[in-house]
Amino acid sequence: MAPISTTTFTSFLFFFLLHHIFVHSLTRPTGFTTDLIHREFSPLSPFYDQSNTKFDRLRNTIHRSFSLLSKPSSSPNTIQSEITPVSGEYLMNVSIGTPPFNILSIASTGSDLTWTQCQPCTRCFKENSPLFNPENSSTYTKVPCNSRPCAAVTTSTCSPNNYCRYNYSYGDNSFTQGDIAVDAFTFGSTSGRPVTIPSVIFGCGHANVGTFTESSSGMVGLGGGPLSIINQLENSIKGKFSYCLVPLNKKSKTSKINFGNNAVVSGTGVVSTPLITKSPSTFYYINLEKITVGDQTLEFKASLNSRKGDVEGNIIIDSGTTLTLLPSDLHSGLVSKVKENVNENPVRDSNGLFDLCYSIGNNGEVENLNLPNITFHFTGADVDLTPTETFMEVEEGLVCLTIVPSDEFAIFGNLSQMNFLIGYDLVKNQVSFKRTDCSKQ
């Protein structure tokens, strides 16, 4: 028999230990809660600017969606995390390493790889907080090239000493590059006792450039791909997580994201739709069949950017995108039907961002306009949205439809998800919706 090379033996030993630690630690009953802080509206956020009005904050939130358009309680086996709605993004505090080193990162269901800026940083965006130094963590380990985690990173390369390196790019031309590594991640717990997951695969970024901000340190990936936190915790949470997003005007309340048994969405009024498996696996695809405005129906006849015959999974559900995006023809029909149902003349948006706006006057309310409900008919699940989930006051006395046209993406955004308990079950491959007062969760 041929001798085993040092590299092969090292890789085998690494993954034997990783599998042993990872699987056995995660199959124990666990539960935790972590804050997700509203980027613009929460005073807890490092981005919060007290001098900004609510319209300034909303404008910052909405511009991030338009930027996307312009560019290609704790019980066994349960995890629950606090989230404070971030206008477009949600921020999560996590700790990495031993001893734990705290970082603040963007949490997103539209991303897989969890990464943070690391020392030494050869080309990094300015950050207010110190960077994670892997040399200070006794549990930090680099991942070898000939390994499954490395193969799961489609843009991976090998370093001269045979360790896995990654190169991740985003739609706005931002990118992060560095080492794929394993270390302990610590999360806050609803019981008051932090929960440590001893072996989480993540990116230790040594070159990170783009639209990242100095008040956050990277990304927590909650997407559907193999390296996401969701799939790494699969043995513990059984593929289940849910969240309930509090409306932006209730900044004193926090939203919650639940994992494991607490993530089950059940009871009266629950509707469920299948998750559709498509590439890239990062995103959560569901199927939108039609939209109803009042008693008038608009069909969604095709999917965007799909191969011939691939018409399912025509819309992404994403907690990190603020606005809901629809194909231009469907959006145009929606605007027409809403106009037919409203006995008011539309008013021009002075910023030119929205296609349909109405005046409510000073001290007015959205409810005073008699706007119609808009129902999204997903396969097997009719999600009825009230005007407070489809219209928002974007400047003093002006409310606008927060569903906008896009021929690049179709996304069911987070403004449309407010006040719903939304559960993802990756074992049953379904997303469930339940009308809920999220401020009381």
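Cys150 is buried, and Cys164 is buried too (buried means under 20% relative accessible area, exposed over 50%, partly exposed in between, with a 1.4 Å probe and protein chains only). These two cysteines form a disulfide, defined as a pair of cysteine sulfur atoms within 2.5 Å. By this rule the count comes to six disulfides.

This is a predicted model: local features need pLDDT of at least 70, side-chain atom pairs count only at pLDDT 80 or more, and totals for chains, interfaces and linings use all residues. Residues are numbered from 1 along each chain as its sequence is written, and side-chain values use heavy atoms, with hydrogens and water left out.

**Cys150 and Cys164**
- The sulfur atoms of Cys150 and Cys164 lie 2.2 Å apart.
- The pair joins distant parts of the chain, 14 residues apart: Cys150 sits in helix H3, Cys164 in strand S9 (residues 164-169).
- Helices (H or I, at least four residues) and strands (E, at least two) are DSSP runs, numbered from the N terminus.
- The S-S torsion of Cys150 and Cys164 is about 85°, so this disulfide is right-handed.

**Cys145 and Cys158**
- Cys145 and Cys158 form a disulfide with sulfur atoms 1.9 Å apart.
- Cys145 lies in the loop between strand S7 (141-142) and helix H3 (148-152), and Cys158 in strand S8 (residues 157-158).
- Cys145 is buried at 12% relative accessible area, whereas Cys158 is partly exposed at 47%.

**Cys357 and Cys400**
- Cys357 and Cys400 form a disulfide, with sulfur atoms 2.0 Å apart.
- Strand S21 (residues 357-359) holds Cys357, and strand S25 (residues 398-401) holds Cys400, 43 residues apart.
- Cys357 is buried at 1%, and Cys400 is buried at 0%.
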